[in-house]
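Look over the sequence and the fold below before reading on. The report then goes through the parts one by one.

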Amino acid sequence: MHLFTGQNILDFSKAFPDDDACLAYLADLKWRDGFVCKKCGHTSGCKKAGHKYHCYKCNHVETAKAGTLFHRVRFGIRKAFLIIFEMTTSTLILAMPFFCCPT
Ligand SMILES: [Zn+2]
């Protein structure tokens, strides 16, 4: 698993060209230590199309987004990734505590 460390929009666009690339990245992060079923705790399953996992014990199919920050996002996951990227790389956000929280 390669963690994204890009610092500009060109790096972001190259790493995450579409929703599928974002889901693949999220799935790699979520199951980097192996699959654990959210319903029954079983650790044996198989990957399904669309970056999902199928539990062999209870037949639960879990998406990469389930149980993550992106679970109930109503717009595209790439847009959500971009919002977080902008929040974590923006110098305006980093400078905000100096403007809004006088000590
Ligand atoms: Zn299960």
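## Helix α2 and what covers it

The buried residues of α2 are covered by elements that include α3 (77-89). Here cover is a matter of contact: two residues are in contact if their C-beta atoms, placed from the backbone, lie within 7 Å. Helices are DSSP runs (H or I, at least four residues) and strands are DSSP runs (E, at least two), numbered from the N terminus. The model is a predicted one, in which local features need pLDDT of at least 70, side-chain atom pairs count only at pLDDT 80 or more, and totals for chains, interfaces and linings use all residues. Residue numbers start from 1 along each chain as its sequence is written.

Helix α2 runs over residues 19-30. The buried residues in α2 are Cys 22, Leu 23, Tyr 25 and Leu 26. They lie on the same side of α2, because they cover an arc of only 160 degrees around the axis; the arc is that of the directions from the helix axis to the C-beta atoms. A residue is buried if 20 or more other C-beta atoms lie within 10 Å of its own, exposed if 12 or fewer, and partly exposed in between.

## The nonpolar core

A nonpolar core is a set of buried Ala, Val, Leu, Ile, Met, Phe, Trp, Tyr and Cys residues joined through C-beta atoms within 7 Å. The largest one has eight residues: Phe 16, Cys 22, Leu 23, Tyr 25, Leu 26, Ala 64, Ile 77 and Phe 81. Four of them, the largest share, come from α2.

Ala 64 is in the loop between β3 and α3. Ala 64 counts as buried because 23 other C-beta atoms lie within 10 Å. Leaving out residues up to four places away in sequence, Ala 64 touches Leu 23, Leu 26, Ala 27, Lys 30, His 51 and Lys 52.

## The strands

Strands β1 (residues 45-48) and β2 pair in the antiparallel sense over four bridges; to pair, two strands need at least two bridges found by DSSP. Strand β2 also pairs in the antiparallel sense with β3 (residues 61-63), over three bridges. Tyr 53 in β2 stands opposite Lys 47, and Tyr 53 also stands opposite Glu 62 in β3.

Definitions and conventions
The expected span of a helix is 1.5 Å times one less than its number of residues.
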